[in-house]
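Here are a few exercises to work through with the model open beside you. Try each task first, then compare your steps with the solution.

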Amino acid sequence: MTGSGVADVAVRLAVELVRIDSVNPGLVPGAAGEAAVVDRLAHRLAARGFDVAVVPAAGATGRPSLLATHRGSGGGRTLALNGHLDTVGVAGMAEPFAGRIVGDRLQGRGACDMKGGVAAMVAAAEAAAASGTAGDVVLALVADEEHASVGTEAVLGRLAGRLPDACLVGEPTELDLAVAHRGYSVVEVSLTGRAAHSSQPADGVNAVVHLGRLLAAVEARDAELAAGPAHPVVGTGSLMSTVVRGGTSPFVLADAASAVVERRTVPGEPATVGLDEVERILGALRRDDPCVEGRAALALAREPWEHDGTSPAGSELATVLTDALAGCNGRRPDGVGVPYWMESALWEGAGVPTVVCGPAGGGLHAADEWGDLRQLRGYAEALVVAIDRFCRPLDADN
C-alpha cells in the first residue's frame with residue numbers, strides 16, 4: 001500500500017469510528033461503552049489475517065478491549081500500538097456521531113481524542129502486515145482510558161510473560177513526541193463536627209469552618225509548589241480542591257463536611273504524595289484547634305511518566321518515528337511535556353519502553369471536537385515507515 005493509500009484508509013476508518021458511539025459508561029451512566037467499536041475492529045482485523053482476542057475487563061461487564069496481532073516472520077522486535085476506544089460524553093453536541101468532514105477537519109466526538117490516532121494505527125498495521133515484517137505488530141485498543149483504565153490493566157495482564165519490546169501510544173500530541181506527563185492522586189477528606197443551633201455556636205463544632213481552613217491550607221500549599229523547583233518539560237506539581245460539601249440547612253452548625261483534593265505530580269514524585277500532604281495539613285489544623293476531627297483517604301492515584309532514554313528499544317522507537325515523521329511531514333517533532341495523565345505510565349510501569357505521539361486537532365472533551373486530517377494522514381504514512389524500521393531483523397543495518 002502506498003503512503004497516500006494508507007492515509008486514505010486511515011481517514012475513511014476514522015470517519016467510521018467516530019460514527020460509532022463509544023461513550024464511557026464510567027463517566028456517563030448507561031452510555032454505550034466500547035463493545036460495538038471492538039466488534040467492528042475485531043471483524044476487520046481478523047479478515048486481514050490478524051490474530052484477534054477480545055479481552056474483558058475484570059469486574060466491568062461489557063467493557064471489552066481488543067488485542068490484534070500480526071505475526072512477523074521472526075528475528076525482529078515486537079511493537080505495540082496502543083490507543084483507547086472510549087470517549088467522554090456528548091453533552092452540548094448537536095451531532096456528536098456525524099463523522100462529518102469539513103475541509104481538513106473531521107468533526108465529532110473522539111475525532112481528536114483519539115479515534116483519529118486509532119484509525120491511523122490500524123491502517124498502518126494493516127499495511128505493515130500486507131508487506132511483511134520480521135517482528136510482531138500488536139494493536140492494543142483499549143477500553144476505559146478516560147476513567148479508570150480497566151482496559152489497559154486487562155490487556156497488560158493478558159500480555160504478561162510476552163510483553164512487547166516497546167509501545168507507541170497514539171494520544172494527540174500535534175505529532176510531537178511527549179517525553180513526560182504528570183501523574184495525579186485524588187484524596188477524599190471527611191471532617192466531623194457537632195450540630196448545634198447557630199445562635200449558640202459554643203454548643204457545637206462547625207465542620208464548615210474547618211473545611212474553610214482546609215481549603216485555605218490547600219491553596220497555600222499549591223502556591224508553595226508553584227514557586228518551587230520545576231520539571232524541565234511538565235513544570236511543577238499542584239494541589240487543589242475540586243469538590244466540597246458541608247452543612248444541611250440555615251441556623252444549624254454543620255456536623256459534617258467533605259472535600260476532594262487533587263494533587264498533580266511530576267516525574268520523581270510518588271503518586272501518593274498527595275495523601276501525605278493532606279494528612280500533614282490536617283495535622284496542622286488539629287494542632288491549632290483540637291476540635292478538628294478529620295480523616296483523609298486515597299481514592300485513586302496514577303504515577304507520572306517520563307520517557308526512558310536509556311532503553312535501547314525505547315530510544316530506537318523514538319528515533320525511527322522521529323525520522324519517519326520528518327520524512328513524511330517535513331518537520332521533525334519536538335520533545336514536549338503534557339500536564340495531564342496518560343496510560344503510557346501503565347505501559348512503562350509494566351516494563352515496556354514507551355513513546356507517546358499522535359495526531360491532534362481541537363476541542364478535546366468539548367462540544368466542538370475535531371481532528372486534523374492533515375496530521376492523521378501524515379501520521380499514518382510515517383507509522384508504516386516506523387513499523388518497518390523498528391520491526392526489521394535485529395541484525396539488519398539501521
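**Exercise 1. Find how β8 and β14 pair, parallel or antiparallel, and over how many bridges.**

Solution. Strands here are DSSP E runs of at least two residues, helices are H or I runs of at least four, and both are numbered from the N terminus. Two strands pair if DSSP finds at least two bridges between them.
- Step 1: β8 and β14 run parallel, joined over 4 bridges. As a check, L177 stands opposite G335 in β14.
- Step 2: β8 also pairs with strand β13 (residues 305–306), in the antiparallel sense and over 2 bridges. In β13, E306 is the bridge partner of A180.
- Step 3: Strand β8 (residues 177–181) has 4 of its 5 residues buried, so the rest of the structure largely encloses it. Buried means under 20% relative accessible area, exposed over 50%, and partly exposed in between (1.4 Å probe, protein chains only).

A word on the source: this is a predicted model, in which local features need pLDDT of at least 70 and side-chain atom pairs count only at pLDDT 80 or more, while totals for chains, interfaces and linings use all residues. Residues are numbered from 1 along each chain as its sequence is written, and side-chain values use heavy atoms, with hydrogens and water left out.

**Exercise 2. Work out which strands stand at the edges of the sheet that holds β10 and β12, and which helices pack on it.**

Solution. 
- Step 1: The order is β10-β11-β9-β12, an open sheet of 4 strands with antiparallel pairing.
- Step 2: β10 (238–246) and β12 (293–302) each have a single partner strand, so they are the edges, and one side of each lacks a neighbour in the sheet.
- Step 3: Neighbouring strands are turned by 20 degrees against each other on average, direction ignored. Axes are lines fitted to C-alpha atoms, for helices over the stretch in contact, and angles between N-to-C directions run from 0 to 180 degrees.
- Step 4: Helix α5 (residues 207–227) packs on the sheet, touching β9, β10 and β11, with its direction at about 165 degrees to that of β10. Contact means heavy atoms within 4.5 Å.
- Step 5: Helix α6 (residues 273–288) touches β9, β10, β11 and β12, and its direction makes about 170 degrees with that of β12.

**Exercise 3. Identify the aromatic pair and classify it.**

Solution. Rings of Phe, Tyr and Trp (its six-membered ring) pair if their centres lie within 6.5 Å; planes under 30 degrees apart are stacked, over 60 edge-to-face, and the rest tilted.
- Step 1: The structure holds 1 such pair. The ring centres of Y184 and W341 are 6.1 Å apart and the planes stand at 90 degrees, so the pair is edge-to-face.
- Step 2: Y184 belongs to strand β9 (residues 183–192) and W341 to the loop between β14 (335–338) and α8 (344–349), 157 residues apart.
- Step 3: Y184 is buried at 12% relative accessibility, and W341 is buried at 9%.
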